[in-house]
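Dear colleague,

I am passing on the structure below for you to look over. My notes on it follow, and I would be glad if you read them with the coordinates open.

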Amino acid sequence: MQSTEPVPGERRTGGIRTWGARQWVPTISFFVGAVAVTTFFAIGAWQRRWIADDGLIVLRTLRNLFAGNGPVFNAGERVEANTSTAWTYLLWFWAWITDGQLEYVALWVALVLSLSAIPIAMYGTARLMRTRFGGITGDGYTLLLPFGAIIYIALPPARDFATSGLENGLVIFWIAVLWCQLIAWSRRTRGGVAGNTATLLLAFTAGLAPLIRPELTVLGGLVLLLVVLAPQTWPMRVGIVVVAAVLPVGYQIFRMGYYALLVPNPAVAKDASGSKWHQGFLYVANLFGPYVLLLPVVLAIIAGVVLTAGHRSRRVGGDTSAPEEPTTWRSRIGGWSAALQTPTAAVVTVLLAGLIGGLYWMRQGGDFMHGRVLLAPLFTLLLPLMVLPITIPAHARAAFGKNTSEEAGAETPRRRTRMALAGAGALAAFWVTTLVWAIVCHQNTLPNAGIDIGRSGIVDERRFYVTNMGNENPVTAADYLDYPRMRAMAEWIDEFHSQGGVILPSSDYDQWYIAKLPDDTPQKDRKLTVYFLNLGMTSMNAPLDVRVVDQMGLAYPLAAHTERLVDGRIGHDKNLPSEWVVAESGAYPRKPGLPGYLDEDVVRQAEVALTCPATQDRFISYESQWTFARFKQNLRKSFDFTDYRIEREPEYEIQRCGLTMPERIHPK
């Protein structure tokens, strides 16, 4: 007898009251799995809660915003020191609303976004799997079990960067929301006000990509391309483009006119257009090796193949009619366009974007933080399998019963039932194996984590600071005073605050060097500068009227515009000699006022090199008063400034710029 129970996944007129077991089983299993995975993720993330040194950098910008200095790192210098624009202003908003301590605002916002991303992504995948409920026989009971979500949260870096003060939580939250919107759009069969509004919201979310992180433009751009090329009216296409572009294009114009660059300053400092493939492969191995990540990745790939084969088998078994062949080029194009608004096209889009994102970071050489920049591509690639549908056919026992002559016609359904059982068994085995892998490997660590950075330059950033400060959960800037040199730096700032000069690190963790200003320097010009690599902890433990810059160039354009060191540590492959900042700050260039390790001749050469007209133009672009005339000039010159590079050695920079070499103080 044919079952009268509605097919799972179909729209039902009776609502939830008419649901049967085939609807409740996937719903309850999904809910239990989502709650369980999110709870375990929350526990793991909270145990490893922290704010990274780099996570403190954005908080200095927030302090300047609240102080009325604008979105800058140092007052009076229009430098965008944060890669994620959206993260900066999101934290500013919540800090303004809550009036809370900035470090805890960053921690809680990151944690909430990270935790929210998991069930949202799982929900999007559950909607994708809706047509697979019932299995290839169409009458089975489907369990929706967490799969890709388990793989992601089992990785220690995923739990490390669920807080950290960096934008990782915002990134995966945005990806998850975009995924849900994309799947909903791919299943939408009608337009109308509601449908068009939802499509425009999808376009708006996709358009946020470059403001979340610049490399996410790949995912956002592919989604927008998919939506625009799908069946739409031309006015709707125009609306999609306008809605998607209004915020990022508007901010881009502001960035060019305000900061005089096409990209955030860290992108210049890290030369995002460069390539280090060998280092990129090392970075991938550094993530895959300690956790045997290849095992669940291979299982996920095989599971995807099994699900695809099962879906095709069900489709073929349910519809034997051949599709009508298009007869004209217009009908062919219409067919291709219609095929773009399908779940298959949505899955292909996110997989392509995730693959491109991973390859981009491999080309870049990855990062110095273990696993960090590969988390977003991995999360994207896992989206189609965030949950795994395991279906038990309703008539499983009958599939292995003895066939009689009267039942000869039932052989095909029995074969399909056996196939469904085999697929369910394989998927169940994959799920159990992945769960065991997660239990075994979720606490694995890098060799010598926190003690030795290693030749690759990659470090378990959280473990490094925990080990060096003896604090399992460093969150506030005050916690970082226990890091070597920091407490001494705070004391030196207090001592030389009114005198000004340049504070430089020494090999002694309890002492700093000071390059003093000339005695005739007016008091209004006596500015104190701290020059140190660890920009976050330094800047957050310094008053806003103390200038903080770094030799890598994250907040210091002079260092950012130097050439990348070929064999430098990844993420730290620019290193401006200290003589530059002494010369640029106007400190006394001769000994005994100059720290003993600095070269007087190099300081003099740096003074001359700084007079290069192009370099002076770059200084003026971010130091001069911001007027409408300056805005227009910055807008035009931002293209040239983004590509502008100088030699890191003053002597070579003098030659590059065609300046006159100064006479040496100490002849060779």
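**Backbone, core and helix packing**

A260 lies in the loop between α11 (234-258) and α12 (265-269), where helices (H or I, at least four residues) and strands (E, at least two) are DSSP runs numbered from the N terminus. The model is a predicted one, in which local features need pLDDT of at least 70 and side-chain atom pairs count only at pLDDT 80 or more, while totals for chains, interfaces and linings use all residues. Residues are numbered from 1 along each chain as its sequence is written, and side-chain values use heavy atoms, with hydrogens and water left out.

To stay with A260, its phi is near 65°, a positive value in a residue other than glycine. A260 is also buried, with a relative accessible area of 0%; buried means under 20% relative accessible area, exposed over 50%, and partly exposed in between (1.4 Å probe, protein chains only). Another residue that is not a glycine, R485, has a positive phi of about 85°, and R485 is placed in the loop between α19 (461-469) and α20 (486-496). In the loop between α23 (578-585) and α24 (600-609) sits P592, and the peptide bond that leads from K591 to P592 is cis, with omega near 10°.

As for the whole, the protein chain has 27 helices and 6 strands, and 53% of its 668 residues count as buried. Of the contacts (heavy atoms within 4.5 Å) in the protein chain between residues at least 6 apart in sequence, 74% join residues at least 24 apart.

Which residues touch the most other members of the largest nonpolar core? A nonpolar core here is a set of buried Ala, Val, Leu, Ile, Met, Phe, Trp, Tyr and Cys residues joined through side-chain atoms within 4.5 Å, and in the largest one, with 155 residues, they are Y152 and F379. Helix α4 (residues 102-128) gives the most to this core, with 15 residues. F379 touches A117, I118, A121, Y152, I172, I175, A176 and M386, leaving aside residues up to four places away in sequence. A second, separate core has 27 residues, among them V581, A587, L598 and F619.

Helix α4 itself has 27 residues and reaches 39 Å from its first C-alpha to its last, close to the 39 Å expected at 1.5 Å a residue, the expected span being 1.5 Å times one less than the number of residues. Since 19 of the 27 residues of α4 are buried, the helix is largely enclosed by the rest of the structure. One of the residues in α4 is S114, which is buried with a relative accessible area of 1% and touches F41, F161, A162, G169 and I172, again not counting residues up to four places away in sequence.

For α11 and helix α26 (residues 628-643), the axes come within 6 Å and cross at roughly 100°, which makes α11 roughly perpendicular to α26. That contact is made by I253, M256, G257 and Y258 of α11 and by R630, F631, N634, L635, S638 and F639 of α26.

With best regards

Terms used: Axes fitted to C-alpha atoms, helices over the stretch in contact; angles between N-to-C directions. Parallel < 35°, antiparallel > 145°, perpendicular 65-115°, else oblique.
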